[in-house]
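Student: I would like to learn how to read a helix and its packing. Can you take me through an example?

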Amino acid sequence: MLSATEIRVLDLLPLEPHESEQAQIRCRTRIVPLSSDADYETISYVWGDPSNTSLIEVDGENIAITKNLEAALRRIRLPETRTLWVDQICINQEDNKEKANQIPLMRQIYSKTKQCLLWFGEIRSDIQLSDAQSALDVIHFLNDYEEGSSLDISASYSSISEQTFPTIMNAFESITMQENPWWNRVWTLQEAILPSKACVLWGPLSISWETLLDAGQKWVDLPLPQLLWPYIHAINKLFSQTNGLLVSKNNSEMPLFTAYRWGFRRATNPLDKVYGVLGLFPSGTMARSECCDYRLQPASVLAMFTADLIENSRSLHPIALRNLAGLPESTPNIPSWAYDFAVSGQQDKLSIDGDSAAWYLINVYYPYNACGDKDMNWELFRFDPDHNALTLSGHMVDEIAITGTKLEGDVPGTINVSSTSAIRYIKDWYQAAEEFYQGRERPQGPTNSENWSDSFWRGLLGDEILSCEFTPERGTQQEDIDLAKEFVRTGQRNEMYYSILGNMCYRVMFITKTGLLGFGANHMSNGDQLWVLDGGCVPFILRPSSGNPVPGSHHLIGSSYVHGIMRGEAATEAHKSKTDIDAPTIRDAEARKPADVGERVRYMTHDFFTEQPSDKYAVRMLQALVPALKPGARVVLNDVVVPSPENMPPGSALGVRSGDLSMTTLLNAGDREMADWARLFEAAGPEFRFDGGRQPPGSGLCCGCWWPRGKGFDKMIDRYSEVSKLANIDPSR
């Protein structure tokens, strides 16, 4: 068996002088240390049907490989020996121990390869070779375009004309994600992202991978040639993938977003959905999952993977994605809180007018702060692999009293709901809420200043206005509520459509016993509990677990929006109930607050004996700047910095340090030292680099940072969500 530092390479032997092109493939294998400068290429391909095989000769013996791999080896066979690393042959697929040894090495294997050959398969039999070449010429044209140059493709390529273009684009579509399985396999991710050089092979044709990537970037801002207008969707299907791969290649997103982005990709073995993405992250990033143990059940590996994501993101965002329980393809026995990354097919509970708002849950987590100042208790946090249980801290807010009519597809057995049906559900929910509140007083608490109707409409919108990419843009205003009502009244789409669409694809209205109104997972039930978990930006719906071997356990039903507790109000109320600090003062201040101030000003208790989490909010502020920053932009901060003794005259230093002590004494706060600023920017993410501090005349501190540009990144790519051409969304969703 190979050691943890060795790999097996394959020497693809040339044809003998007397042999024809159809002669059997002959190879030999060698074991080499991975630490050496091994000279090899890799192949990225789709295995294909495992029962459809051909025999090749390896080390003097016949072995069976899939037909697609044999076709690739025939295409790349040279007149001289060619050294390759091919997973199907270079890893003993029958030896789980060897697989567990070799899979963690794939990051190094593909990073060190001289070149990766991306095999798109043979050209389809109904496509002419000339049309296939012209399809690649379209990509070359887009890549070569410079601002101000001609948009006439026919002038650049004589084989391309209005008459020939339909068959050319038919060939083009055959290499996009909807028709070519290479784009839908999880293993091809690292094979395309990690190598420093790659080449696409399509039958006898080839094109540089870098040309394909650069063309995709230019496509985003390219003035559209008239000839391409009817084929925008086909071109988007190709470049949405290449641009998504660029995002992952340039390390511009966290593992959680990488997993969510590529969740639609498939693997024959569900364990490989996790093991196939580990190579995208440095060793140690996902410590539990890196065991690559093929003896484990998929549910256990997914639980480990989710626990790793929680620790990596330092948040409960991963479990907020678990709103899809009970789907036909759900992984058997998966814990209720685990992200079902192994399911590759339809992952959506519902769609409205064919749109499932695929990026909604991943994008609408951080605008909220339901936990207030209560961060996750990492000392309490624990993953129990024996029971696939997760230990978290938090408090129950209320119990669900009623839930609205659950959304179902217009046609039985389907998931699509028309806008007309969605509006009917909204009206049903509103009527149910009206009946519940009739004759009742709203609870005295975080929602006491608002009527239930306002809570309903704000809750329907999630109190956030979303773009067509389901990216939060701003908070809800009264005019937005009026537009939402207009949509329900007329059925005409307006700016509120995407906020309503995203919410309804995943959530149903509910009301708690004390009258809190919210929207939660479609499969929630009366009697479920509303919880605020420490460190959770949104409230969660939990269900007490009966018969569970772990005492006091709950099932996670999903995340929710509950109007009136999304900014930490419930966490503050829980704190007040324990300490009763300043409660009369807060009530008095709320009563005297001017009516026109409304929700823009909130009062809360303040404990001077608890360390203030200023870094937490400073980091959030810096991260919130990311979408607006262009490459090379700087963030400049003016602040008093606590100097080291040797950097300031004693008298001046005494004044600064006295101020720092006063801040600590009176407010349990303080000024930062230079090292504190450096750590703050580091915590804000890899986009920022601390540029040091200077002291211009009359200023205490001026520190700069910038967004570093990666190779080939001509434009800043948003860390969390891209415009529709960049958003990698499975078209079946």
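Predicted model: local features only at pLDDT ≥ 70, side-chain atom pairs only at ≥ 80, totals over all residues.

Student: Which residues of α18 are buried?

Tutor: Buried means under 20% relative accessible area. In α18 that gives D480, I481, A484, F487 and V488. Viewed down the axis of α18, these buried residues fall within an arc of 115 degrees, so they line one face of the helix. On the other side, E479 and R489 are exposed.

Student: What covers the buried residues of α18?

Tutor: Look for contacting elements. The cover includes three helices: α16 (419–437), α17 (452–461) and α19 (497–506). Strands β15 (464–466) and β16 (472–475) are also part of the cover.

Student: What comes just after α18?

Tutor: Check the backbone torsions there. G491 takes a positive phi of about 80 degrees.

Student: At what angle do the axes of α17 and α19 cross?

Tutor: Take the crossing angle and the axis separation together. The two axes cross at roughly 85 degrees and come within 7 Å. Angles of 65 to 115 degrees count as roughly perpendicular, and α17 and α19 are therefore roughly perpendicular to each other. From α17, the contact uses G459, L460 and L461; from α19, S499, I500, N503 and M504.

Student: How do the residues of that contact divide by type?

Tutor: Sort them by side-chain class. The contact of α17 with α19 has 4 nonpolar residues, 3 polar and no charged.

Note on methods: Residues numbered from 1 in each chain as written. Heavy atoms only, no water. Buried < 20%, exposed > 50% of the residue type's maximum accessible area, 1.4 Å probe, protein only. Helix = DSSP H or I, 4+ residues; strand = E, 2+ residues; numbered from the N terminus. Arc of directions from axis to C-beta. Contact = heavy atoms within 4.5 Å. Axes fitted to C-alpha atoms, helices over the stretch in contact; angles between N-to-C directions. Parallel < 35°, antiparallel > 145°, perpendicular 65-115°, else oblique. Nonpolar A, V, L, I, M, F, W, Y, C, P; charged D, E, K, R; others polar.
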